[in-house]
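User: Can you walk me through this model? Start with the terms, then the details.

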Amino acid sequence: MVQDEPKGEIVAAGGAPREKKPNVFARIAIFIRQVFAELRKVVTPTRQELLKYTAVVLGFVVVMMAIVYGLDVLFVWVATVVFGVPGAA
């Protein structure tokens, strides 16, 4: 490693010269080609798998709602016990 004097940045010593970057339009084209290549790898679920995944997600949401509701009721009860009911003296 060698320290570049004007800016104080650390750069690699020696080595191969850097390749020239393609222009903006070429980089956009490369990006779009890579996006399409990744989209070709996507596997869509069957109808049965989709229904199963949907049921799992909905079941998880219902369980989480029940937990949050239970904690809310618990905290309200604890707050009522600790601080009392206002105006009930």
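Analyst: Helices (H or I, at least four residues) and strands (E, at least two) are DSSP runs, numbered from the N terminus. With that in place, α2 is followed by G84, whose phi is positive, near 80°.

User: What kind of model is it, and what are the ground rules?

Analyst: This is a predicted model, where local features need pLDDT of at least 70 and side-chain atom pairs count only at pLDDT 80 or more, while totals for chains, interfaces and linings use all residues. Residues are numbered from 1 along each chain as its sequence is written, and side-chain values use heavy atoms, with hydrogens and water left out.

User: What is the mean pLDDT of the protein chain?

Analyst: The mean is 85, and 76% of the residues in the protein chain reach 70 or more. pLDDT is the predictor's confidence in each residue, from 0 to 100.

User: Where is confidence lowest, and where highest?

Analyst: Lowest in strand β1 (residues 2-3), at a mean of 54, and highest in α2, at 96. Where pLDDT is low, the predicted coordinates should not be read in detail.

User: Ok, the fold. What pattern does the protein chain follow along the sequence?

Analyst: The pattern is β-β-α-α, from two strands and two helices.

User: How far does each helix reach?

Analyst: α1 (residues 24-40) has 17 residues and spans 25 Å from first C-alpha to last, close to the expected 24 Å. α2 (residues 47-83) has 37 residues and reaches 53 Å, close to the expected 54 Å. The expected span is 1.5 Å times one less than the number of residues.

User: Which contact is found at the start of α1?

Analyst: A side-chain oxygen of N23 comes to within 3.3 Å of the backbone nitrogen of F25. A polar contact is a pair of N or O atoms within 3.5 Å; within protein, one must be able to donate a hydrogen and the other to accept it, and residues adjacent in sequence count only if both atoms are side-chain atoms.

User: And what does the side chain of T80 reach?

Analyst: The backbone oxygen of V76, at 2.8 Å. T80 lies in helix α2.

User: How many salt bridges are there?

Analyst: The search of the whole structure finds one, between the side chains of K41 and E38 at 3.1 Å, N to O. The criterion is a side-chain nitrogen of Lys or Arg within 4 Å of a carboxyl oxygen of Asp or Glu.

User: Is K41 buried or exposed?

Analyst: K41 counts as exposed because its relative accessibility is 58%, while E38 is partly exposed at 47%. Buried means under 20% relative accessible area, exposed over 50%, and partly exposed in between (1.4 Å probe, protein chains only).

User: What share of the chain is buried?

Analyst: Buried residues make up 0% of the 89 residues.
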